[in-house]
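Here is a short tour of a predicted model, written to be read alongside the sequence and the 3D view. Please keep both at hand as you go.

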Amino acid sequence: MRIFLIIFSFINAFLYFLIYAYYENILALFSASGITSSLLGFLKTLVLLAVSFLIGLIVSLLTRINIAKSFFDFRLAIIAGIIPFFFLIVSQPAVSNFILINIFKSSGKISDFIFYFLSRQIVWTMWLGFAIGASVRIAFKKKLKHQIDFSLDDNEPSE
């Protein structure tokens with residue numbers, strides 16, 4: 001099952017990456033649709049988030065952690081994902097312009113540095129998706145066929 005999930009996640013990541021790589025060409029096919037540019041930017045970010053989530057999931061599947069139940073590690077997601085989540089929110093044009101104008105008073109070198117640092121939404125999105133994907137823990141516990149469980153309520157064995 002682990003091998004199947006790794007292969008399936010790899011194929012999905014590759015397909016999402018192709019969609020991301022040819023996003024402008026795909027949009028040219030649907031140019032007559034009345035979708036706003038902000039929605040198109042959000043969809044592009046969402047596709048990139050899906051690609052990086054699947055890459056993080058592959059890494060999580062490649063680590064052989066012996067756990068009893070599948071779960072989502074919130075602690076790891078918060079520790080690894082708080083920085084990219086913050087910078088992804090701050091990198092939105094309205095927020096970054098507010099910071100540049102009101103806090104740094106549009107001074108030359110500082111505002112150039114902040115603009116170029118925050119404009120890397122691809123990096124922040126991939127980091128966030130990878131952190132979320134790596135936080136997924138899937139248990140692959142095999143139950144043996146000859147194993148029989150007894151309960152205290154009845155004397156009937158259950159398989």
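From the N terminus on, the elements of the protein chain follow the order α-α-α-β-α-α-α-α-β. That gives seven helices and two strands, where helices (H or I, at least four residues) and strands (E, at least two) are DSSP runs numbered from the N terminus. This is a predicted model, in which local features need pLDDT of at least 70 and side-chain atom pairs count only at pLDDT 80 or more, while totals for chains, interfaces and linings use all residues. Residues are numbered from 1 along each chain as its sequence is written, and side-chain values use heavy atoms, with hydrogens and water left out.

Of the 159 residues in the protein chain, 25% are buried (buried means under 20% relative accessible area, exposed over 50%, partly exposed in between, with a 1.4 Å probe and protein chains only). The accessible surface comes to about 11,600 Å², and 71% of that belongs to carbon and sulfur atoms; such areas come from the Shrake-Rupley method with a 1.4 Å probe, and for residues only the protein chains shown count as cover. Among contacts (heavy atoms within 4.5 Å) between residues at least 6 apart in sequence, 80% join residues at least 24 apart.

The largest nonpolar core consists of seven residues: Ile 6, Ala 13, Leu 54, Leu 57, Ile 58, Leu 61 and Val 136. Such a core is a set of buried Ala, Val, Leu, Ile, Met, Phe, Trp, Tyr and Cys residues joined through side-chain atoms within 4.5 Å. Helix H1 (2–21) and helix H3 (37–62) each give two or more residues to this core, and H3 has the largest share, with four. Leaving aside residues up to four places away in sequence, Leu 61 touches Arg 2, Leu 5, Ile 6, Ser 9, Ile 138 and Phe 140. A second, separate core of five residues includes Val 90, Ile 99, Ile 114 and Leu 118.

Beyond residues up to four places away in sequence, Ser 52 touches Thr 125, Met 126, Gly 129 and Phe 130. Val 59 is also found in H3, but is partly exposed, at 35% relative accessible area. Val 59 and Ala 134 are 75 residues apart in sequence, yet 6.4 Å apart in space, C-alpha to C-alpha.

The spaces in the model come next. On a 1 Å grid over the protein atoms alone, a cavity is a set of points where a 1.4 Å probe fits but cannot get out, and a pocket is an open set with protein on both sides within 12 Å along at least five of seven lines; lining residues have an atom within 4 Å of a point. Grid points are joined across faces, edges and corners, and a volume is the space filled by probe spheres set on the points. One cavity of 30 Å³ or more is counted by this rule.

| Space | Volume | Lining by class |
|---|---|---|
| Largest cavity | about 70 Å³ | six nonpolar, two polar, two charged |
| Largest pocket | about 390 Å³ | 10 nonpolar, five polar, one charged |

In these classes, Ala, Val, Leu, Ile, Met, Phe, Trp, Tyr, Cys and Pro count as nonpolar, Asp, Glu, Lys and Arg as charged, and the others, Gly among them, as polar. Residues lining the largest cavity include Arg 2, Leu 61, Val 136 and Phe 140. For the largest pocket, H3 gives the most to the lining, with seven residues.
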